[in-house]
Amino acid sequence: MDVKSTLSYLYWLFCQFELITCSYLMEPWEKVLFYSFNLAMAGLLLYTAHVCLALHLSSAFQLLCSFLGNPQENALSAVK
C-alpha cells in the first residue's frame, strides 16, 4: 500500500469529519477544546467498555464453569 495514498485518505477523512461537525468554522483555540473534549470522551468510553467487558466476560465464564463443573449445586449459589 502506498504511503502517500494512505496519508491522502486520512486527510480526506479528517476533512469529512470537519465538514460533518462544522469544526472548520471554529477558531484554533475552539478546535483545540473541541478535539480534546472529543478525544477524552472517546478514551473514557473505550476504557469503560474494556473494563466492563472484561468483568462481564469473567463472571459469565465463572458461571459457565460452575454450571459445567458442579451440576448438582444450586444455580443461585453460583451467581452470588
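In which helix is threonine 21 found? Threonine 21 is found in helix α1. The structure is a predicted model, in which local features need pLDDT of at least 70 and side-chain atom pairs count only at pLDDT 80 or more, while totals for chains, interfaces and linings use all residues. Residues are numbered from 1 along each chain as its sequence is written, and side-chain values use heavy atoms, with hydrogens and water left out.

The chain has 3 helices and 0 strands, and its elements run α-α-α from the N terminus on. Helices (H or I, at least four residues) and strands (E, at least two) are DSSP runs, numbered from the N terminus. Of the 80 residues of the chain, 5% count as buried; buried means under 20% relative accessible area, exposed over 50%, and partly exposed in between, with a 1.4 Å probe and protein chains only. The accessible surface comes to about 7,100 Å², of which 74% belongs to carbon and sulfur atoms (Shrake-Rupley method, 1.4 Å probe; for residues, only the protein chains shown count as cover).

An unreviewed UniProt entry lists residues 7-26 and 32-57 under "transmembrane region". UniProt positions are given in the numbering used here, feature names are shortened, and annotations may be inferred rather than shown by experiment. Residues 7-26 are 75% helix and 0% strand, with end C-alpha atoms 24 Å apart. For residues 32-57 the end C-alpha atoms lie 37 Å apart, and the span is 100% helix and 0% strand.

A search of the whole structure finds 4 aromatic pairs. Rings of Phe, Tyr and Trp (its six-membered ring) pair if their centres lie within 6.5 Å; planes under 30 degrees apart count as stacked, over 60 as edge-to-face and the rest as tilted. Phenylalanine 17 and tyrosine 35 form a tilted pair, at 6.0 Å centre to centre and 40° between the planes. This pair links distant parts of the chain, 18 residues apart: phenylalanine 17 belongs to helix α1 (residues 3-21) and tyrosine 35 to helix α2 (residues 28-69). Ring pairs join Phe14, Phe17, Phe34 and Tyr35 into a cluster.

Phenylalanine 17 is partly exposed, at a relative accessible area of 33%. The backbone oxygen of phenylalanine 17 lies 2.8 Å from a polar side-chain atom of threonine 21. Threonine 21 is also partly exposed, with a relative accessible area of 27%. Cysteine 22 is placed in the loop between α1 and α2. Its phi is near 60°, a positive value in a residue other than glycine. Cysteine 22 counts as partly exposed at 39% relative accessibility.

Notes
Polar contact = N/O pair within 3.5 Å; in protein donor to acceptor, adjacent residues only side chain to side chain.
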